[in-house]
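Me: Could you walk me through this structure, one question at a time?
Reply: Gladly, let's look at it together.

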Amino acid sequence: MFLNDIEITSVAPCIVVPNRIRFRARFSDDITAVLPYLNAVIKNAVYNHEGKVLSMTKDERLITLYPQEVTVAKALSEDDAHETSAWIKELINKTYVDRENTEPIYEKRSRPTPLVIYGWLPQKTGCRRCGEQTCLAFAAQMVNGGKKLEECPVIWEPGNEDLLESLKEMVSVLV
Ligand code: SF4
């Protein structure tokens with residue numbers, strides 16, 4: 001087994017969606033070597049090889065993998081946090097086992113769609129502090145080059161750091 005254990009180290013209320021949680025979990029082993037293979041097998045992955053960070057979604061859950069830990073937003077509950085952690089561990093180990101049949105991808109993936117960006121935004125409909133009616137409209141403007149991440153003040157507020165890091169990676173391919 002490549003990754004022996006994954007341990008949840010913190011749980012907090014989700015800032016994006018009420019009644020959901022966010023959590024952080026530590027890996028027992030460094031997964032850096034598997035990240036390019038995960039980038040190849042996960043269809044919605046956004047990967048920065050130099051920064052060693054890979055973002056993806058599982059249903060509505062927002063998952064960001066680093067060499068030694070993972071952060072997840074929009075998890076359903078603490079039980080779901082444990083199930084999602086087990087799923088991530090299995091995904092990493094399966095990808096490692098299958099690596100000889102997989103062509104690793106080291107560069108970033110294609111441009112994110114407005115819907116993908118929207119999933120990682122604060123989704124405070126009606127806030128409009130960016131000048132747009134909705135977060136989805138803001139995401140569409142970002143893809144078209146009409147808005148920049150800096151123009152959503154909410155995502156820069158404390159507590160949104162994990163979402164912000166993933167969004168920065170995502171939108172870096174838009175410039
Ligand atoms: S400022 Fe941010 S949270 Fe508010 S509507 Fe715009 S994108 Fe959404």
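Me: Is valine 171 buried or exposed?
Reply: This is a predicted model, where local features need pLDDT of at least 70, side-chain atom pairs count only at pLDDT 80 or more, and totals for chains, interfaces and linings use all residues. Residues are numbered from 1 along each chain as its sequence is written, and side-chain values use heavy atoms, leaving out hydrogens and water. Buried means under 20% relative accessible area, exposed over 50%, and partly exposed in between (1.4 Å probe, protein chains only). With a relative accessible area of 13%, valine 171 is therefore buried.

Me: Which residues does valine 171 touch, not counting those up to four places away in sequence?
Reply: Valine 171 is found in helix α5; helices (H or I, at least four residues) and strands (E, at least two) are DSSP runs, numbered from the N terminus. Contact means heavy atoms within 4.5 Å. Leaving out residues up to four places away in sequence, valine 171 touches Ile117, Met142 and Leu149.

Me: How far apart in space are valine 171 and proline 112?
Reply: In sequence, valine 171 and proline 112 are 59 residues apart. From C-alpha to C-alpha, the distance in space is 7.4 Å.

**Helix α4**

Me: Why do the buried residues of α4 line one face of the helix?
Reply: In α4, the buried residues are Cys135, Phe138, Ala139, Met142 and Val143. They line one face because, seen down the axis of α4, they fall within an arc of 140 degrees. That arc is taken from the directions from the helix axis to the C-beta atoms.

Me: What do the buried residues of α4 pack against?
Reply: Just after α4 comes glycine 145, with a positive phi of about 85 degrees. As for the packing, the buried residues of α4 have as their partners α3 and α5.

**The ligand**

Me: How many charged residues does the shell around the ligand have?
Reply: A residue is near a molecule or strand if one of its heavy atoms lies within 4 Å of it. Those surrounding the ligand include Lys124, Arg128, Arg129 and Phe138. Ala, Val, Leu, Ile, Met, Phe, Trp, Tyr, Cys and Pro count as nonpolar, Asp, Glu, Lys and Arg as charged, and the others, Gly among them, as polar. By class, the shell has eight nonpolar residues and no polar ones, and its charged residues number three.
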